[in-house]
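Trainee: I would like to learn how to read aromatic contacts and pockets in a model. Can we go through one case together?

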Amino acid sequence: MAGRRAILLFWLLPICLGGRADYERRKVCEIEDSIDDLVEDIRPVLQELINRPFFKYYRLPLCAQCVHPGFPAPMCGSPDCNICECSRDDLPCDNSGKCFLAPEIDTASPQDCQSSSTLESRLDLTIDAKELTRWPTEENGAWIEEDNKIEPSYVDLSINPERWTGYSPSQGSNLIWKAIYRENCPKGDCPVQNFLNRIISGLHTSITTHIVAHTCLERQKHGVCLKWGPDLKAFERRVLDPPGYISNLRVLIYIFLKAAEKAQVLFEGVDYHVSGEVKTQRQIKTLFRRIGQAGRNCGGLPIELPKDREHTRRVFRNISSILHCVGCDKCKLWGTVQFQGVATALRILFHDHSQIETLYLKKTEVIAFVQTLYKLSFSLGEIESLEKQLRTQTPKYTFLLRQIRRNIGDWKQTIDWDKIQECVVQLFDRIIHKARAFWSNGEGEGESVYTCGYYDQVRAVG
């Protein structure tokens, strides 16, 4: 009997997923294909842009203190955690002759920096956690925590690539991600938790892809890395399993593309002329016009933002402050860049579309947005490349089963299984009622009403 029910369920399930749900699922698949095609199209332009003078330099408070209790003293025993900093004199100038990354607010005199290369820390980890949430509440409140009381650090991103650093759980790396995912919603009932978790998961997937694609395969004992390459086992374990990570990456890319489409006029209006360089302005127009044209041609699903913008901003700013507790300077650098990029995309999407030209973007936000969009697009392409390498080293049936499992995992994220169960139960009731009426040659006790109308929703891009 159980076997017959299973067979019947197999045939009835498509009925429950029909109509609007089937259309929405096809629409999601079409959007995923469109995202992949567009990302492949714009990746070369992004790769050129990130090496232009305007985009390859970044400013961050590398020596900002960690004010969250419970983290170990920031340190990393690997030389690959360190970064090469620039002096302010090394930075290019804008048309006014000033350093184009000069802080909007003058900083205090330089302070001693206790970075990850230092084995001891003087950070005060006893600050009341309540102080962390007292951010400005005005419309233009910052989404990223910046410490203007210390001298900022300047970094050439092109000579500090994102890759494996040796920063490990024994040094607190797992505590950072745990705090990012959970500390902003300790009770698990925050209205923005699912939205932010899917965004963070997508960014986490991208960062992990960079790490496993460029891992140290051979190194001197306690010394520099001698050989770099992909770690396919780590890729399979940390990116492909469990399913859904790559789907979340695509969701985040979709958010960036919709933000770029919405703020096209803003990005094209920025003065990118640095040190007499003129190609950047033309490349920016090419990039955002391609994105805008693709958005107008393909349409897509609307992005369902959380209703409470201010709470979302405070949560995200709190996340950015956690990055001050990272013990690896290179991890802190790229984490700051990419979280600011995501924050910029959210700022754009939350802003009133009719007043988008009034939104002010700082240079660091423009840099972070473009750099992060490139990182996400690179990860998507790298995942495809690593999957091909993995396929050549994995038995066909094993790889096929993994693909099926991942597809089911992605599918489950778009389906309300409670509604499917309700739908199937109603269909069973109707079939049994009809069968009894037929076998008894009677009309039964009346026609049961079939009310099953299932509409699956796509989380985050509904």
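Trainee: Over the ring of which residue does the charged end of Arg163 sit?

Mentor: This is a predicted model. The charged end of Arg163 sits over the ring of Trp228, 3.9 Å from the ring centre. Another such contact has Lys375 over the face of Trp334, at 4.1 Å from the ring centre.

Trainee: How many aromatic pairs does the structure hold?

Mentor: A pair of aromatic rings is described by the distance of the centres and the angle of the planes. The structure holds 12 aromatic pairs. Among them is Phe54 with Phe55, an edge-to-face pair at 5.0 Å centre to centre and 70 degrees between the planes. Phe54 counts as buried because its relative accessibility, 1%, falls under 20%. Phe55 is buried as well, at 0%.

Another is the tilted pair of Trp143 and Phe350, with 5.8 Å between centres and 40 degrees between planes.

Trainee: Which parts does the pair of Trp143 and Phe350 tie together?

Mentor: Trp143 lies in the loop between strands E2 and E3, and Phe350 in helix H11, so the pair links parts 207 residues apart in sequence. Both Trp143 and Phe350 are buried.

Trainee: Which residues lie nearest the centre of the largest pocket?

Mentor: Trp177, His204, Thr208, Ile211 and Arg238 do, out of 39 lining residues. Helices H4, H5, H6, H7 and H11 each give two or more residues to that lining, and H5 has the largest share, with 7. By type, the lining has 18 nonpolar, 15 polar and 6 charged residues. The space in this pocket is about 890 Å³.

Notes:
Residues are numbered from 1 along each chain as its sequence is written. This is a predicted model: local features need pLDDT of at least 70, side-chain atom pairs count only at pLDDT 80 or more; totals for chains, interfaces and linings use all residues. Side-chain values use heavy atoms; hydrogens and water are left out. On a 1 Å grid over the protein atoms alone, a cavity is a set of points where a 1.4 Å probe fits but cannot get out, and a pocket is an open set with protein on both sides within 12 Å along at least five of seven lines; lining residues have an atom within 4 Å of a point. Grid points are joined across faces, edges and corners, and a volume is the space filled by probe spheres set on the points. Helices (H or I, at least four residues) and strands (E, at least two) are DSSP runs, numbered from the N terminus. Ala, Val, Leu, Ile, Met, Phe, Trp, Tyr, Cys and Pro count as nonpolar, Asp, Glu, Lys and Arg as charged, and the others, Gly among them, as polar. Rings of Phe, Tyr and Trp (its six-membered ring) pair if their centres lie within 6.5 Å; planes under 30 degrees apart count as stacked, over 60 as edge-to-face and the rest as tilted. Buried means under 20% relative accessible area, exposed over 50%, partly exposed in between (1.4 Å probe, protein chains only). A charge sits over a ring if NZ of Lys or CZ of Arg is within 6 Å of the ring centre and within 35 degrees of the ring normal.
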